[in-house]
Amino acid sequence: MKRIILGIFILLLSVGSALLVSSPAQAASKQVKITDSSTYINQKANPNSKRLKLAKKGQTYTYISWTKGKGYAKGANKIKVGSKTGYVSAKASKVVTKTAPLSATTVSKTKTAKKTKQILTVQANNTTKATVILWQKDSKKKWKKVRTMKGIVGKGGVGTASESSTKTPKGSYKLGFAFGTSNPGTKVPFRKIKSNSYWSGTKGKTYNTWQNKYHSKNDEHLASYPSQYQYAMVIEYNMHPVKQGKGSAFFLHIDNKKYTYTLGCVAVPKNDMKYLMKKLNGAYIINVNKASEVKQY
């Protein structure tokens, strides 16, 4: 009897483990994306077999497996086509991994969530274009998505920042005081830009701080960017403590529509930045490449 009970227990444990491993919420799914302008999907792993449909560039299909096939230069990807399966040339398509989108549950479990009620996540996916999301903890202590916006990051992407790089600093940082040419009604301290307003890149005591006078050519003249810095907030990277050469002048500000990147800052459209200026109070920003990296911070 004990052996039967033990056997049932092991079976249930195995089934439970399998369900846990294959949970859709945790697993990443693979898809096949068409890269040629158009290509046929065939019934068999042979380009001369019956054609199921004409696929166009950018279309995606659920990936099943790869096979050498017959008559393909780089083999074929077996895919799902509606209720059927088909084959598409691996030369005319590529396999991409689709990961689960960032969730409120993931955000709520971060170390940053213990410090604040507002988190701005910036997910760049190893490009200069980013998805920026504002999350907020409500009165019931539940984290919710408040606003999603398009953003851009440094020319070098998100990574290890320094004075000589164009990367947006990866990690979690507090959003400090706001500044700009006008104040839309911030809840945090605000500094108005004047003709003598600079952000110091000069090594020494002034490095990575706001200054009201020019020190060297390494200083950024804030008044020279009235459009981008109409509304802006300081990203407190390399500030507690300040380390020489590790990077200076990292802000959250309005984007410049002429460019698809910044020199290290995070930029969003004007209406979104105005909204954030009025909404944020004691918020943190988390800059990452993948949604799965957010849990590290």
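The legends below describe close-up views of a predicted model. Residues are numbered from 1 along each chain as its sequence is written, and side-chain values use heavy atoms, with hydrogens and water left out. Local features need pLDDT of at least 70 and side-chain atom pairs count only at pLDDT 80 or more, while totals for chains, interfaces and linings use all residues.

**View A. The two domains.** The protein is divided into domain 1 (29-98) and domain 2 (104-296), with bounds that come from an automatic or database domain assignment. The centres of domain 1 and domain 2, taken over C-alpha atoms, are separated by 42 Å.

**View B. The annotated residues His253 and Cys265.** An unreviewed UniProt entry places the feature "active site" at His253 and Cys265; such positions are given in the numbering used here, feature names are shortened, and annotations may be inferred rather than shown by experiment. Both His253 and Cys265 are included in the lining of the second largest pocket (on a 1 Å grid over the protein atoms alone, a pocket is an open set of points where a 1.4 Å probe fits, with protein on both sides within 12 Å along at least five of seven lines, and lining residues have an atom within 4 Å of a point). His253 is found in strand S19 (residues 251-254), whereas Cys265 lies in the loop between S19 and strand S20 (266-268); helices (H or I, at least four residues) and strands (E, at least two) are DSSP runs, numbered from the N terminus. His253 is buried at a relative accessible area of 7%, and Cys265 is buried at 8%, where buried means under 20% relative accessible area, exposed over 50%, and partly exposed in between (1.4 Å probe, protein chains only). Leaving aside neighbours within four places in sequence, the contacts of His253 include Cys265, Tyr229 and Met273, and those of Cys265 include Ile152, Thr168 and His253, a contact being heavy atoms within 4.5 Å.

**View C. Salt bridges.** Three salt bridges are counted, each a side-chain nitrogen of Lys or Arg within 4 Å of a carboxyl oxygen of Asp or Glu. Arg147 forms a salt bridge with Asp272, the closest N and O atoms being 2.9 Å apart; this pair links distant parts of the chain, with Arg147 in strand S10 (residues 143-152) and Asp272 in helix H3, 125 residues apart. Arg147 is partly exposed at 27%, whereas Asp272 is buried at 11%. Lys170 forms a salt bridge with Glu293, with 3.2 Å between the closest N and O atoms. In the remaining view of this kind, the side chains of Asp138 and Lys144 meet at 3.6 Å, N to O, and Asp138 is partly exposed at 23%, as is Lys144 at 47%.

**View D. Lys274 in helix H3.** Lys274 lies in helix H3 (residues 270-279) and counts as partly exposed at 37% relative accessibility. Not counting residues up to four places away in sequence, Lys274 touches Pro184 and Tyr231, and the C-alpha atoms of Lys274 and Gly185, 89 residues apart along the chain, are separated by 9.0 Å.

**View E. A sheet of three strands.** This open sheet has the order S16-S15-S17 with antiparallel pairing, two strands being paired if DSSP finds at least two bridges between them. Strand S16 (210-211) and strand S17 (220-221) stand at the edges, each with a single partner strand, so one side of each is left without a neighbour in the sheet. Strand S15 (residues 198-199) pairs with S16 over two bridges, and Tyr198 has Gln211 in S16 as its bridge partner.
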